[in-house]
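Thanks for making the time this morning. I would like to walk you through one structure and talk about how its parts meet.

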Amino acid sequence: MKRILDVSALTIRFGGLTAIDNFSMHIDEGEFVGIIGPNGAGKTTFFNSLTGNVTPASGSVNYCGTSLIGKIPSRISQMGISRTFQNIRIFPKMTVLENVCIPLHSKPTYGLFPAVLGLKSAKAEDERIRDEALSYLERLGIGEYRDYEAGTLPYGLQRRLEIARALAAHPTLLLLDEPAAGMNNDECRELVELLKKIHRECKLTVMLIEHHMDVIQPLCDRLYVLNLGALLREGKPGEVLSDPEVVRAYLGERRKRK
Ligand SMILES: Nc1ncnc2c1ncn2[C@@H]1O[C@H](COP(=O)(O)OP(=O)(O)O)[C@@H](O)[C@H]1O
Ligand SMILES: [Mg+2]
């Protein structure tokens, strides 16, 4: 099995705070891996280090054999890593379809001249892009909303739109940061089915940060549990989620809050 991502002894600091503490992990081609842990554990910071939004203090991050350290986000996206954000980042005034066209427009296959002159090949390319963007919206079950202003969609559908846009960047590795946040049980179940389908049909490797265990459990092959930036436990969901230390550090705390 091909190793897609290999992270070794990663440490990330913000001033005096160690947000990620000597964390090592890996993910193989086609795997679906979950990252769980209490709020503030460093999960989003970890994703930020993979997408070039944060520079680690030490450690290594290799993606398909190439180091990602020091690479800028757009380059990392071109290399095949794409993500969604915990705090949704869409263009609210653009239409749903336009939001998904953006990553596709960033890689035009026609030259400058046809684009400037409005020649047939540029128009054909625009049409191809719209068709492709629509295919992602349909995959996520939101094709019927294509002409809506993105900001007017309910929260759950905006999260799906973000996933559609992430797919439009043609990723090998998809990073999802709390895609089920704010969703009710029915929406969670639908999301699980959509993610299963996308994982299979798009032949993706997926890393998922999530608090909903009914989303994590049916999807993930393996879990990493972070606590205060450090690895608490790694393993299959069944084993990890019944581990007394994990229950104490994370699940127990969540039960108390409810
Ligand atoms: N840009 C930043 N500057 C300073 N501190 C940060 C920054 N980003 C995250 N942190 C801190 O790092 C810790 C981990 O945060 P985060 O990665 O968002 O956790 P999680 O996603 O697991 O809830 C928190 O204490 C948070 O306040
Ligand atoms: Mg987070």
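This is a predicted model: local features need pLDDT of at least 70, side-chain atom pairs count only at pLDDT 80 or more; totals for chains, interfaces and linings use all residues.

The domain assignment of the chain gives domain 1, made of residues 1-80 together with 172-258, and domain 2, which covers 89-170. The contact between them draws on 18 residues from domain 1 and 11 residues from domain 2, while the C-alpha centres of the two domains lie 27 Å apart.

How much area is buried between domain 1 and domain 2? The figure is about 1,200 Å², and carbon and sulfur atoms give 64% of that area.

Turning to the polar side of the interface, the count between the two domains is five residue pairs in polar contact, with both residues at pLDDT 80 or more. The rule also finds two salt bridges across the interface of domain 1 and domain 2. Arg160 and Glu190 meet through their side chains in a salt bridge, with 2.6 Å from N to O.

Which elements supply the side of domain 1 that touches domain 2? Strand S7 (173-177) and helix H7 (185-201) each supply at least two residues there, and H7 gives the most, with seven residues. By residue class, that side of domain 1 divides into 11 nonpolar, two polar and five charged residues.

Terms used: Residues are numbered from 1 along each chain as its sequence is written. Chains are lettered from A and ligands numbered from 1 in the order in which they are written. Side-chain values use heavy atoms; hydrogens and water are left out. Domain bounds come from an automatic or database domain assignment. Contact means heavy atoms within 4.5 Å. Buried area is the accessible area (1.4 Å probe) that two parts lose on being put together, summed over both. A salt bridge is a side-chain nitrogen of Lys or Arg within 4 Å of a carboxyl oxygen of Asp or Glu. A polar contact is a pair of N or O atoms within 3.5 Å; within protein, one must be able to donate a hydrogen and the other to accept it, and residues adjacent in sequence count only if both atoms are side-chain atoms. Helices (H or I, at least four residues) and strands (E, at least two) are DSSP runs, numbered from the N terminus. Ala, Val, Leu, Ile, Met, Phe, Trp, Tyr, Cys and Pro count as nonpolar, Asp, Glu, Lys and Arg as charged, and the others, Gly among them, as polar.
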